[in-house]
Amino acid sequence: MNYPKELMYTKDHEWLKEEDGVAVIGISEFAQDALGDVVFVNLPQEGDEVVAGDAFGDVESVKAVSDLLSPVTGTVCAVNEELLDSPELLNSDPYGAWIIKVENVTDKEELMDADAYEAFCAEEG
Amino acid sequence: MKLIFEKSVPGRHSSILPACDVPEVDLGVKREEPLNLPELCENDVSRHYTQLCQRVHGVNCGFYPLGSCTMKYNPRIDEEMAALPGFTNVHPLAPKASVKGSEAVLELAAKYLCEIAGMDGMTFQPAAGAHGEFTGVLLIKQYHDARGDKARTKIIVPDSAHGTNPATAAMCGYDVVNVASAPNGCVDLEALKAVLGPDTAGLMLTNPNTVGIFDENILEITRLVHEAGGLCYYDGANLNAVMGHVRPGDMGFDCIHMNLHKTFATPHGGGGPGAGAVGCKEFLKGFLPKSVLMEGEGSIQVRGFAGNFLVVVRALTYLMTLGKEGIPEASTNAVLNANYLMQKIKGTFTPAFDRVCMHEFVLDLSEFKKETGVSALDVAKSLIDHGMHPPTMYFPLIVHEALMLEPTETESKETLDEAAEIFRALYAQAYSDPDYMHAAPHHAQIGRPDEVKAARNPIVRWTEA
């Protein structure tokens with residue numbers, strides 16, 4: 001299992017990276033492994049407000065539909081629309097396949113660094 | 001296997017169709033292109049459907065412990081009654097005086113089901129469970145609207161609920177508020193209190209819940225919701241566990257749906273007609289859909305006429321043949337069978353909640369998967385090789401690597417013993433030969449369909465090549 005050092009993580013298995021004041025958000029390798037093959041992704045639209053801890057979309061795998069929870073509060077400024085046609089990218093390249101970018105970030109969930117997150121996942125099994 | 005369209009040969013025909021007894025219409029004038037119907041002889045048709053039957057596993061083939069679905073055996077007499085020409089030939093627009101018998105069926109079924117549910121009024125319009133939920137939540141919405149209370153925008157749903165509950169609330173225009181389960185799988189009272197308020201329209205709850213446990217705080221839960229000004233909706237999905245023993249109306253619920261096709265014995269699982277009868281307390285009766293029994297009343301219409309009437313005929317037959325003693329006995333045996341099977345499997349696979357269960361129980365295979373690499377899916381697929389329908393997999397979501405078993409009351413001790421032996425054998429096999437289980441099933445006509453491809457690129461309509 002891969003836990004890139006440059007990313008921060010939530011307990012709900014989303015990752016977050018800050019690029020020039022914009023928060024880039026995706027799901028971790030642990031998350032995609034637990035979900036199984038992703039078949040659909042529901043995404044917000046540019047300009048939508050997201051709230052830390054609240055759902056901003058969902059992913060459907062062969063097993064189940066799971067909410068995507070936002071690690072931050074802010075405004076969606078970009079959406080990875082490639083995922084609509086190729087949701088499998090979340091499985092094959094979870095850290096390359098970002099889901100949304102959020103600007104005007106005013107609030108954040110409690111985040112973990114890679115080491116803390118790896119320990120957290122080990123506990124979750 | 002070829003589709004029936006692919007077996008068609010131009011000009012071939014059979015004498016299966018009865019003689020035409022209505023005025024003939026020249027379709028050539030009305031249609032732009034000819035009807036593309038398969039042309040086969042009687043023998044072809046008969047073999048085609050027999051082959052289809054041989055490729056599926058139904059309750060008539062063997063054990064079918066599909067959790068949350070109540071795949072019980074449906075007595076043949078229910079089918080026989082539903083096939084009576086007096087019921088099958090009735091038309092919804094027939095003069096009232098000519099359908100007195102059918103009306104009596106609806107009235108009597110409503111009376112019995114109200115007694116079982118602890119409700120005062122009932123509609124048979126909803127076509128199945130989720131449609132019943134939708135109708136029930138519309139009752140709640142109409143109630144608040146009628147009082148001019150527009151502030152109630154939220155419906156509370158526990159995280160162990162069926163996925164249809166939050167979907168229903170959303171379809172009715174409500175915001176869905178999830179409440180977490182306590183470690184025992186029941187509603188966390190503190191978490192519930194935290195989300196209750198003047199914006200609470202209602203609560204949707206299944207009891208016993210999705211992990212097969214009866215929520216002991218049910219009276220407190222419904223009291224808290226009422227105190228906040230909300231109403232309580234009972235999802236009757238698991239009524240098979242408690243019918244005749246405890247009534248949702250007495251638990252404090254205001255409205256309910258019952259899956260007649262499931263709890264009251266109509267074959268289901270194939271997408272055929274169901275019936276999600278909705279019952280309610282006296283104060284909500286005026287909001288029920290207009291029905292043949294309540295002419296002039298009601299403001300909503302969720303389906304035409306009396307709904308899937310023949311399913312109600314089956315349910316009434318079931319109720320009348322089992323009677324006041326048989327109905328509670330059925331649920332007693334459903335609970336007994338589930339507990340018996342859980343105890344027989346225990347020691348190998350681990351129950352998610354180690355306590356007396358109701359009509360179903362959940363196994364937690366997460367530790368087992370860590371040790372063997374064999375997943376819940378692998379075990380489910382292996383069961384097919386043993387002539388058993390797999391349990392429900394990966395549900396409820398609050399249990400990882402879940403297998404959910406509901407044996408139902410119509411299985412014998414011998415069937416349960418045999419099933420337990422199969423589970424124990426597979427448990428041992430996972431340690432000795434996990435690869436064999438990764439590749440299961442080995443003896444089924446269809447092994448592992450490509451579910452990902454089916455979900456991403458579904459082909460649901462045949463078109464001529």
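Residues are numbered from 1 along each chain as its sequence is written, while chains are lettered from A and ligands numbered from 1 in the order in which they are written. Because the model is predicted, local features need pLDDT of at least 70 and side-chain atom pairs count only at pLDDT 80 or more, whereas totals for chains, interfaces and linings use all residues.

Q: What is the strand order of the open sheet of 3 strands in chain A?
A: Strands are DSSP runs (E, at least two residues) numbered from the N terminus, and two of them pair if DSSP finds at least two bridges between them. The edge strands of the sheet in chain A are β4 (38-42) and β7 (65-69), each pairing on one side only. The pairing is antiparallel, and the order is β4-β6-β7.

Q: Is A:Asn104 buried, partly exposed or exposed?
A: A:Asn104 lies in strand β9 (residues 100-108) of chain A and has a positive phi of about 50 degrees although it is not a glycine. A residue is buried if 20 or more other C-beta atoms, placed from the backbone, lie within 10 Å of its own, exposed if 12 or fewer, and partly exposed in between. Because 14 other C-beta atoms lie within 10 Å, A:Asn104 is partly exposed.

Q: How many C-beta neighbours does B:Phe305 have inside 10 Å?
A: B:Phe305 is in the loop between β7 (276-280) and α12 (309-345) of chain B; its phi is positive, about 55 degrees, although it is not a glycine. B:Phe305 counts as partly exposed, and its number of C-beta neighbours inside 10 Å is 15.

Q: How far apart do the C-alpha centres of domain 2 and domain 3 of chain B lie?
A: Chain B is divided into domain 1 (1-55), domain 2 (77-319) and domain 3 (332-454), with bounds from an automatic or database domain assignment. The C-alpha centres of domain 2 and domain 3 of chain B are separated by 31 Å.

Terms used. Helix = DSSP H or I, 4+ residues; strand = E, 2+ residues; numbered from the N terminus.
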